[in-house]
Amino acid sequence: MLACAVSSEVTAPVNFREGRSLRHTRRAIVLAGLVASILVAACFGRPASPQQPVKFSLDWKFEGPAAPFTVALDKGYFKAEGLDVTIDTSPGSLEPINRVASGAYDIGFGDINSLIKFRDANTNTPIKAVFMLYNRPAFSIVARKSRGITKPKDLEGKKLGAPAADGAYAQWKIFVQANNMDASKVTIENIGFPVREPMLQTGQVDAITGFSFSSFINLKSMGVPAGDLVVMLMADYGVNLYGNAVFVNPKFAADKPEAVRGFLRALVKGIRDTVKDPDAAVDTVLKRNDVASKPVELERLRMAIHDNILTPEVNADGYGAVRMDRLAQSIDQIALTYDFKNGKPKGPEVFDASFLPPAAERKVN
């Protein structure tokens with residue numbers, strides 16, 4: 001067994017012998033320091049090499065649904081995998097795709113359907129998803145009953161506020177087709193994310209696109225009566241797609257495959273802890289968002305867990321996986337409103353399951 005003390009032969013000052021050059025002396029000092037570092041690392045059970053830096057982009061702000069990632073960071077799950085993870089926010093679910101594609105970020109979190117379209121338009125950047133978190137997407141239309149809207153057809157003749165970069169708005173054409181709507185009768189107003197909910201609150205628009213757990217909770221916290229809000233979750237109205245996934249820069253995946261696998265192992269632990277104790281998990285988000293309210297973010301997180309993360313499919317298959325037949329059907333649905341320039345992709349071209357932890361390690365219970 002290695003003794004937890006560094007030998008004096010390693011740490012003692014180097015003797016200057018007559019004729020020894022300064023270069024040799026410096027080399028001896030460096031060698032002595034290196035040996036000492038290795039001995040100390042061995043004593044404390046830590047790797048001598050530095051951790052792998054990983055730049056990760058969220059799809060939005062530090063809000064409740066980001067908890068699986070912040071829990072994994074704060075509980076040291078990433079660090080235990082040899083990863084030094086930095087988590088940054090972004091202005092929407094499309095931006096992480098651009099960040100990861102450019103190489104500015106190694107791993108991102110965003111809408112897989114937008115990723116599919118991005119890959120088609122940018123064939124030189126074959127980004128792949130590696131982990132599905134929102135098994136059921138949060139895409140929704142949020143409207144007010146007092147504006148005469150309770151179902152999709154009621155949007156005809158109304159004004160819809162939709163940020164151009166919104167992941168939910170990206171599915172608008174599919175939603176329209178699935179519900180036999182006349183899109184020409186709906187006025188689309190391109191609005192910014194910061195004014196989206198306020199404009200619905202004040203009646204400047206009749207409905208908005210957004211993630212259910214974001215827009216609905218935001219409007220409630222702004223004083224809009226919950227009974228006046230209608231949340232049309234697109235998944236309940238014919239939009240049969242997957243939602244947000246973790247995706248990786250292709251060069252990073254090729255050069256650092258074990259880093260990707262370690263990231264996903266840590267994430268699974270973060271998800272489990274979040275599902276088990278949302279109240280504690282949301283605290284890891286609040287410490288990064290000074291203006292957030294715990295009751296609001298906790299409700300948002302619980303909504304995401306119930307509607308998007310912990311679905312019947314996930315209960316059966318475990319966290320992170322996709323069913324390739326369902327993914328193929330979702331690509332077929334995208335093709336109904338999007339003209340693929342390079343042909344419809346196959347599921348494995350979009351989602352790489354090889355980085356996932358074994359199924360036994362991804363079980364919900």
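What covers the buried residues of α8?

1. In this predicted model, the cover over the buried residues of α8 includes the strands β5 (139-144), β7 (187-189) and β8 (207-211), together with the helix α9 (212-221).

2. Helix α8 spans residues 193-201, and its buried residues are Phe193, Arg196, Glu197, Met199 and Leu200. These residues lie on the same side of α8, because they cover an arc of only 160° around the axis. As a general point, an α-helix has 3.6 residues a turn, so residues three or four places apart point the same way. Just after α8, Gly203 adopts a positive phi of about 85°.

3. The strands β5, β7 and β8 belong to an open sheet of 5 strands, whose order is β7-β6-β8-β5-β9 and whose pairing is mixed. The edges are taken by β7 and β9 (229-233), each of which has a single partner strand, so that one side of each is left without a neighbour in the sheet. On average, and with direction ignored, neighbouring strands of this sheet are turned by 30° against each other.

4. Within the sheet, β6 (residues 159-161) pairs with β8 in the parallel sense over 2 bridges, and Gly161 stands opposite Ile208 in β8. Helix α8 packs on this sheet, where it touches β5, β7 and β8, and the direction of α8 makes about 140° with that of β8.

5. To return to the opening question, the strands that α8 touches, namely β5, β7 and β8, are also among the elements that cover its buried residues, and α9 is included in that cover as well.

Terms used: Residues are numbered from 1 along each chain as its sequence is written. This is a predicted model: local features need pLDDT of at least 70, side-chain atom pairs count only at pLDDT 80 or more; totals for chains, interfaces and linings use all residues. Side-chain values use heavy atoms; hydrogens and water are left out. Buried means under 20% relative accessible area, exposed over 50%, partly exposed in between (1.4 Å probe, protein chains only). Helices (H or I, at least four residues) and strands (E, at least two) are DSSP runs, numbered from the N terminus. The arc is that of the directions from the helix axis to the C-beta atoms. Contact means heavy atoms within 4.5 Å. Two strands pair if DSSP finds at least two bridges between them. Axes are lines fitted to C-alpha atoms, for helices over the stretch in contact, and angles run from 0 to 180 degrees between N-to-C directions.
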